[in-house]
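Please open the model in a viewer and keep the selection panel at hand. The stops below may be taken in order.

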Amino acid sequence: MSNPIIVIGSGFAAYQWVKSFRKLDQNTAITLVTADQGADYSKPELSHVFSRDQQPTDLIKQTAVEFATEHNIELLTNTVVDEINTDHQWIRFNQQQWHYCSLIIATGAKSFVPKFEGNALDKIITLNSLDELTRDHSKITTAKHITILGAGLIGTEIAIDLATTGKKITLCDKAAAMMPTLLPEFIAAELHHILHQKNIDLQLNTIITAINTDGKQITISQLNNKTIHTNVVIAAMGLTPQIRLAQQAGIKTNQGIIVNNMLQTSATNVYAIGDCAEINGQISAFIQPIMLSAMALAKTLAGTPTPLSLPPMLIKAKTPWLPLSLAGITTMEDIHWQIERDNDGYVAKAHTDDQTLIGFIATHNKQKHAFALLRQLSPTL
């Protein structure tokens with residue numbers, strides 16, 4: 001009996017690959033190893049649990065057993081892989097060696113939390129997985145004041161969700177504007193104004209020096225000598241790809257695990273997809289590129305070599321107070337903006353000097369124009 005395809009991880013990338021592969025090949029053995037409970041759920045829905053008054057279990061589409069049964073795979077939950085050996089093509093866990101014919105590393109990324117001074121570092125909450133949400137759901141639900149570190153896309157979405165439940169929210173970032181990697185200054189300023197009107201305490205240009213607790217509340221100290229007193233601190237300061245296993249195996253890494261357009265790593269028969277994979281120097285931690293990566297790799301491992309092709313990617317921000325869809329280049333200097341605005345919202349188009357469309361942002365009802373604009377942008381890969 002031939003060795004199985006082994007997948008490490010059970011996030012969106014891993015499960016999307018399994019679903020895509022099984023549409024093409026129902027028989028090849030697949031073993032999936034995951035460090036968590038292995039439930040199939042939608043990560044973008046995590047923060048919505050609070051505004052929808054749900055429980056974490058409400059997000060589960062399928063349990064690990066249900067997923068494994070439907071897709072005819074062997075699924076090992078709560079199992080940590082200790083080592084990958086690419087020379088002899090095996091992985092090790094629980095003091096056992098399991099051989100593979102192909103290996104897919106889909107270990108994802110963990111929330112980045114700086115090593116702040118103070119005695120409350122272990123009190124900082126992250127919401128990057130169902131397990132994390134389950135662990136801290138009641139703590140967040142009962143808190144009256146919550147401070148969110150990071151005013152990027154995820155931090156802003158969490159702030160709005162929690163503010164909708166009536167909690168007092170403070171949103172901090174060292175950047176001078178909201179969502180600085182996605183929004184130009186004029187739209188960031190509008191989002192800032194709306195959140196301020198909704199009584200979210202925005203503290204930008206903020207450098208945190210220490211986080212301490214006296215057992216009852218948490219005190220956040222800032223470089224400007226101001227302090228924030230809060231019940232809960234949530235870090236939404238970006239993601240760090242989980243590349244330790246690949247590094248230990250001698251697989252080439254940078255920020256993420258380096259792959260080519262076939263999703264192949266530097267090791268024979270080893271691939272990487274999802275938040276841990278880096279292609280052309282970029283990590284795309286969004287649904288569309290991960291889905292396309294999983295589909296391409298499924299075709300390749302089913303016998304039809306298929307390079308990854310990435311069209312322009314639409315990002316739909318879950319910011320109901322200022323609904324946004326955007327794509328392309330939107331924060332580069334020297335962009336020429338053309339703005340069309342009426343009662344339905346506005347479309348801001350980003351052009352180069354020669355009037356080439358390189359990006360756009362559409363708001364409110366104007367989002368219906370997004371797909372037509374998307375077709376005018378150049379492919380990402």
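Helices (H or I, at least four residues) and strands (E, at least two) are DSSP runs, numbered from the N terminus. This is a predicted model, in which local features need pLDDT of at least 70, side-chain atom pairs count only at pLDDT 80 or more, and totals for chains, interfaces and linings use all residues. Residues are numbered from 1 along each chain as its sequence is written, and side-chain values use heavy atoms, with hydrogens and water left out.

Next, select aspartate 354, in the loop that runs between β25 (345-351) and β26 (357-363). Aspartate 354 is exposed because its relative accessibility is 57%.

Now turn to the cysteines. Which is cysteine 172, buried or exposed? Cysteine 172 is buried, because its relative accessibility is 3%. Cysteine 276 is likewise buried, with a relative accessible area of 0%. A disulfide is a pair of cysteine sulfur atoms within 2.5 Å, and by this rule the count is 0. Cysteine 276 is in no disulfide, the nearest cysteine sulfur being that of cysteine 101, 19 Å away.

Key: Buried < 20%, exposed > 50% of the residue type's maximum accessible area, 1.4 Å probe, protein only.
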